[in-house]
Amino acid sequence: MRLPWIALLVAACGSTPSGPPPPAPDEALGRAARAGRLALEVERPADAARLYGVALTRARERDDATAIADTGIGLAAAELARGQPAAALRTAQEVRAELLRRDVPAPAALVLAEALALYRLGDKAQADATARQVTAQVAEDADAARRAWFLRGLIAADRGDGAMLAEARTALGEPTAPGFRADARELNAAAALLAGDTTSARRLAAETAVARRDGLDYRGVSRALALEAEAAQRSGDDAGAADLLLRAGRGAAARREWVEAR
């Protein structure tokens with residue numbers, strides 16, 4: 001999940017409910033946050049992390065819970081985009097703790113960033129438990145809830161838990177947005193593989209890879225290619241599986257995700 005995931009997280013920034021007139025804006029904070037968001041949109045996550053870090057420091061100086069949440073989401077998103085899940089996890093957890101001290105609920109997008117970081121670090125049990133908190137916040141942020149269901153579906157597929165995978169797929173429904181449609185197709189591919197239907201799994205994974213590419217989600221491309229490779233290997237096509245894994249590994253190496261690349 002590259003830009004589509006990241007765009008989801010950052011889209012939450014500034015989405016506060018209506019109420020009393022907002023306080024006077026901090027222009028320095030606003031400029032840093034806007035520049036960070038732009039850097040993410042043009043795929044410069046290192047610059048985005050630096051700028052969101054400046055904005056978060058300013059938000060803490062201002063002691064503004066809303067600004068802390070928004071800029072914390074942005075920083076965690078940038079760190080995820082940089083392939084630094086440990087840093088993203090630290091940011092998400094620190095910001096959640098700051099909000100808790102103020103009796104302010106953590107936005108669903110911030111909790112989702114924490115779940116994604118946990119998943120990428122290999123702590124799938126805690127990632128699932130954290131994602132479950134987001135799926136319960138569907139009224140607050142339906143898009144974040146859908147992404148959390150997708151993440152829970154991936155975790156279920158990794159565990160071989162067909163029932164949980166089916167529940168996640170049902171929760172996604174039949175989305176029309178391209179990114180969510182690709183999520184649904186990927187879970188369908190995983191379910192087919194789990195059921196032993198390697199032909200369908202391979203076809204659906206290949207379709208997912210194309211959809212992820214079209215959506216500029218290159219991490220998703222690598223994941224779909226790896227899924228297609230597993231289906232190819234199980235069907236006895238070792239040469240095809242090797243080719244697909246090479247392509248997936250090259251994508252991960254391009255992002256400097258060396259463990260995944262190997």
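Let's start with Asp-103: does this residue count as exposed or buried, and at what relative accessibility?

Author: Asp-103 counts as exposed, at 71% relative accessibility. Here buried stands for under 20% relative accessible area, exposed for over 50%, and partly exposed for anything in between, using a 1.4 Å probe and protein chains only. Before going on, a bit of housekeeping: this is a predicted model, where local features need pLDDT of at least 70 and side-chain atom pairs count only at pLDDT 80 or more, while totals for chains, interfaces and linings use all residues. Residue numbers start from 1 along each chain as its sequence is written, and side-chain values use heavy atoms, with hydrogens and water left out.

Back to Asp-103. The residue sits in the loop between helix H5 (85–101) and helix H6 (108–120), and its phi is positive, about 60°, although Asp-103 is not a glycine. Helices here are DSSP runs of H or I with at least four residues, strands are runs of E with at least two, and both are numbered from the N terminus. Leu-216 also has a positive phi, about 65°, without being a glycine. Its loop lies between helix H11 (198–214) and helix H12 (218–234), and at 35% relative accessibility Leu-216 counts as partly exposed.

Now the wider picture. The protein chain has 14 helices and zero strands. Of its 262 residues, 48% count as buried. A compact globule with 262 residues would have a radius of gyration near 18 Å, and the protein chain agrees with that at 19 Å; the radius is taken over C-alpha atoms, and the globule rule is 2.2 Å times the number of residues to the power 0.38. Along the principal axes, the C-alpha atoms fill a box of roughly 65 × 35 × 30 Å. As for contacts, meaning heavy atoms within 4.5 Å, 59% of those between residues at least 6 apart in sequence join residues at least 24 apart.

On to how the helices pack. Two packed helices are described by the angle between their axes and the distance between the axes. The axes are lines fitted to C-alpha atoms, for helices over the stretch in contact, and angles run from 0 to 180 degrees between N-to-C directions. Under 35 degrees counts as roughly parallel, over 145 as roughly antiparallel, 65 to 115 as roughly perpendicular, and the rest as oblique.

Take H7 (residues 124–135) and H8 (residues 142–159): they pack at about 150°, with axes 8 Å apart, and are therefore roughly antiparallel. Their crossing is left-handed, a label given if the near helix is turned anticlockwise from the far one by less than a right angle, with right-handed used if clockwise. Among the residues making the contact are Ala-127, Ala-131 and Val-134 of H7 and Ala-148, Trp-149 and Ile-155 of H8. By class, this contact of H7 with H8 has ten nonpolar, one polar and six charged residues. For those classes, Ala, Val, Leu, Ile, Met, Phe, Trp, Tyr, Cys and Pro count as nonpolar, Asp, Glu, Lys and Arg as charged, and the others, Gly among them, as polar.

Thr-130 is also in H7. Thr-130 is buried, with a relative accessible area of 1%. Leaving aside residues up to four places away in sequence, Thr-130 touches Arg-96, Val-111, Glu-114, Ala-115 and Leu-118.

H8 packs with H10 too, at about 20° and with axes 10 Å apart, so H8 and H10 are roughly parallel. H8 passes H10 in a left-handed crossing. Their contact includes Phe-150 and Leu-154 of H8 and Phe-180 and Leu-187 of H10; its residues divide into six nonpolar, two polar and five charged.

H10 in turn has an axis that comes within 8 Å of that of H11, crossing at roughly 160°. That makes H10 roughly antiparallel to H11. Here too H10 passes H11 in a left-handed crossing. In this contact, residues including Ala-182, Glu-186 and Leu-193 of H10 meet residues including Leu-204, Thr-208 and Arg-212 of H11, and the classes come to eight nonpolar, five polar and five charged.

One last stop in H10 (residues 178–194) is Arg-181. Arg-181 is partly exposed, with a relative accessible area of 38%. Its C-alpha atom is separated by 9.0 Å from that of Thr-208, 27 residues away along the chain. Not counting residues up to four places away in sequence, Arg-181 touches Pro-175 and Thr-176.
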